Amino acid sequence: MTLSMHLHDPSEVGISARRLADAAALIDRQHADGLTPTVVALVARRGKLVWSHAVGDARPGGPAVSLDSVFPITSMGKPMTAAVVMALVERGMIGLSESASLTLPELADDHEEVLVHHLLTHTSGWNDDDHVAAREANLAEAIATIPDGVDPLTHIMLWPGWGVPRRRGVGELNQYCNFNYSLLGEIVRRVTGDTLDRAMRRYLFEPLGMTSSAMIVGDDLRPRLIERPPGIPLGPDDAGSPLSSNDPLWEGSDDGASGAFASAPDLARFLQLFLDQGMAGNTRVLSRDSVRVMTTNQIPGLGVELGDVTKAEASWGFGFAVAGHEAWPRFGGGLSSPNSVRHGGAGGIDGWADPDSGVVAVYIEVVTEATEEGLPRSWAAHRFQDVVNASVTSRV
């Protein structure tokens, strides 16, 4: 099916309107208490939009944010990069079980054992802290070596990492690392001979009707971009954010780890694809097997290390975190189906799809505080997910 953006009565699909009013109240409290200047959220079930809510300003001083406002979705773009990789796998242009160095010879000397599979599941052995340090140490040289035809931010995200050693052997541990998806974006560019933005449009955005999405933002979307207030995470003049999400460098980035922009409805359209087994209406966008490997745990029995948090079971598909049975602090609600898949993004992006309940939901909050690790302090996405899950009144 194609996700219907006409607003339906929640009772048509077994959802309590009264409980969804609790979700609106939660969001309104976040805004009224000064914890966020902006929230947009929506809920769909069985392919029908049943609820949406938007509060706050699209930029300091207005206008009001709307459902069609466009956000930098940061790491929420990683599942999209993974989906494009899978589209190319289906066409024989990339191999999941081949070395990434086959396409990226810069990795050949020290990293031939890193497969495309390891990049998709964050099991390459690279640690994100090492890549952040390498970018900071080599920033001036990276800027001085930007090739013609390559956007600066993509080059800065990728180039300093070629020489960074891995802390672990491949397949030993799940360590979330942006470099893995920067490499995947580069693989897409090299095998297609074009930008990741163009590949996203061809394989995802156009067939799914994602008309408010882009990697490289054009004049058509720029008037609807949200702008963060100064001094908050990813906003201007924030000491913890090396670059504002509204910087022209970010808007022009083609980076596979964090360069995507989208509206909340477009995020929902993307997530619905995985409940519809790769179909968008009568168009097959991804094969059933691609959907299966993206949305089921591809590294069973493997542990995870994320900052100071370690868990026995990572539960990771290709591009998505699979809920599983491990409890994570503020990552997903406690009422989630173990088969639900989700991804978040820096600055307050969250979305999930649950094959058991048929629910797709998106929650985008402009967070105003973050920990040293970049995790939002007051983010209410996990509470929102529990309220939405509790609103389902019928499992059929």
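Predicted model: local features only at pLDDT ≥ 70, side-chain atom pairs only at ≥ 80, totals over all residues.

Student: What makes E2 and E9 the edges of the open sheet?

Tutor: The six strands follow the order E2-E1-E12-E11-E10-E9, with antiparallel pairing. Strand E2 (48–56) and strand E9 (321–322) each have a single partner strand, so one side of each has no neighbour in the sheet.

Student: How do you know that E1 and E12 are paired?

Tutor: Two strands count as paired if there are at least two bridges between them. Seven bridges join strand E1 (residues 38–45) to strand E12 (residues 359–365), and the two run antiparallel. Seven bridges meet that requirement, so E1 and E12 are a pair. One of the bridges links Arg45 to Val359 in E12.

Student: What joins E12 to E11?

Tutor: Six bridges, again in the antiparallel sense, connect E12 with strand E11 (residues 349–354). Here Val359 of E12 is the bridge partner of Asp354. E11 and E12 form a hairpin with four residues between them, and Gly358 in the turn has a positive phi of about 75 degrees.

Student: Why is E12 called largely enclosed?

Tutor: Seven of its seven residues are buried, so the rest of the structure largely encloses E12. Val359, Ala361, Tyr363 and Glu365 point one way from the strand, while Val360, Val362 and Ile364 point the other way. Both groups are buried. Helix H1 (residues 17–32) lies across E1, E2 and E12, at about 20 degrees to E2.

Student: Why is Ile187 called buried?

Tutor: Its relative accessible area is 2%. Buried means under 20%, so Ile187 qualifies. Ile187 is part of helix H7.

Student: Which residues does Ile187 touch, leaving out those up to four places away in sequence?

Tutor: They are Ile94, Ala100, Thr103, Leu104, Val116 and Leu119. Leu104 is 83 residues from Ile187 along the chain, yet their C-alpha atoms are separated by 7.0 Å.

Student: What makes the phi of Gln277 worth a remark?

Tutor: Most residues other than glycine have a negative phi. Gln277 is not a glycine, but its phi is positive, at about 55 degrees. Gln277 sits in the loop between helix H10 (264–275) and strand E5 (279–280). Ser315 also has a positive phi of about 55 degrees without being a glycine, and lies in the loop between strand E8 (309–311) and E9.

Student: How do you know that the peptide bond from Gly62 to Pro63 is cis?

Tutor: Its omega is near 5 degrees, and the bond is classed as cis. Most peptide bonds are trans. Pro63 lies in the loop between E2 and strand E3 (70–72).

Student: What lines the second largest pocket?

Tutor: The pocket holds about 290 Å³ of space. It is lined by 18 residues, and the closest to its centre are Val150, Asp151, Thr154, Glu186 and Arg189. Helix H6 (152–158) and helix H7 (178–192) each supply at least two of the lining residues. The lining divides into six nonpolar, four polar and eight charged residues.

Notes
Residues numbered from 1 in each chain as written. Heavy atoms only, no water. 1 Å grid on protein atoms, 1.4 Å probe; cavity = no way out; pocket = protein on both sides within 12 Å on 5 of 7 lines; lining within 4 Å. Points joined across faces, edges and corners; volume = space filled by probe spheres on them. Nonpolar A, V, L, I, M, F, W, Y, C, P; charged D, E, K, R; others polar. Contact = heavy atoms within 4.5 Å. Axes fitted to C-alpha atoms, helices over the stretch in contact; angles between N-to-C directions. Buried < 20%, exposed > 50% of the residue type's maximum accessible area, 1.4 Å probe, protein only.
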